[in-house]
Amino acid sequence: MRKLMLVVSFVAAIAAMTACKNDKAERQAMNEPMRQERQFMDQAIKHRSPDVQRVDIIDSTVVYTHIYDGIIDIKAYSFDGDVCVEAERVYTFPNQMMALRHYRNAIEKAELYDNIELFENQVKYDLKKSQHEFETKGLTKEQLKAKFDKQISKAKADEESCKDCIKKDGQKIKDDFKKGMKHHKK
């Protein structure tokens with residue numbers, strides 16, 4: 001009986017290890033179109049880029065990447081000809097706790113997403129057909145890329161505008177402080 005339990009335990013362990021290997025291989029195959037994107041992200045993270053946005057067309061997929069606050073947000077829109085047929089979103093968080101919070105939030109908004117999955121510090125889900133059609137309706141992959149490029153340009157312009165405002169406000173605060181100090185000395 002003991003030998004039988006040992007053999008069954010051994011077989012179960014091998015099956016679990018094989019399932020893990022198959023799961024990893026499946027995830028690698030699923031993420032293969034984003035290999036170039038990941039190299040880009042690794043470089044951005046290595047150089048501690050505070051806010052990076054990029055959009056690329058890789059084969060028949062438009063890949064939009066946004067790195068901010070240590071979070072990597074990748075949207076992949078797959079096209080068949082000139083029609084978007086599916087969209088996938090993958091978030092990579094600095095830690096598993098943040099990923100778990102986002103996963104719970106995605107579960108609560110399940111009317112927008114399909115196949116919500118949590119892998120350690122990564123949350124992946126597919127946008128429902130109605131959602132990705134809403135985002136891409138009538139757009140080819142080149143037009144979708146142009147739309148994202150325009151959003152990125154606008155965000156950069158807004159960021160520069162904010163920097164100018166902060167500089168002006170900072171100078172005003174310094175001037176007011178100096179005036180206050182002169183008044184205080186009298």
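The model is predicted, so to speak of local features takes a pLDDT of at least 70, side-chain atom pairs count only at pLDDT 80 or more, and totals for chains, interfaces and linings use all residues. Residues are numbered from 1 along each chain as its sequence is written, and side-chain values use heavy atoms, leaving out hydrogens and water.

Start with the open sheet: 6 strands in the order β1-β2-β3-β4-β6-β5, paired antiparallel. Strands here are DSSP runs of E with at least two residues, helices runs of H or I with at least four, numbered from the N terminus; a pair needs at least two DSSP bridges. β1 (51–58) and β5 (113–119) sit at the edges with a single partner strand each, so one side of each has no neighbour in the sheet. β5 is joined to β6 (residues 122–127) by 5 bridges, and F119 stands opposite Q122 in β6.

Now for helix α3 (residues 96–108), which packs on the sheet and touches β3 (71–80), β4 (83–92), β5 and β6; contact means heavy atoms within 4.5 Å. Which residues of α3 are buried? They are A99, H102 and A106, and they cover an arc of only 65° around the axis, which puts them on the same side of α3. That arc is taken from the directions from the helix axis to the C-beta atoms. These buried residues pack against β4, β5 and β6, while the face turned away carries the exposed R101 and E108. Buried is under 20% relative accessible area, exposed over 50%, and partly exposed in between (1.4 Å probe, protein chains only).

Notes
Axes fitted to C-alpha atoms, helices over the stretch in contact; angles between N-to-C directions.
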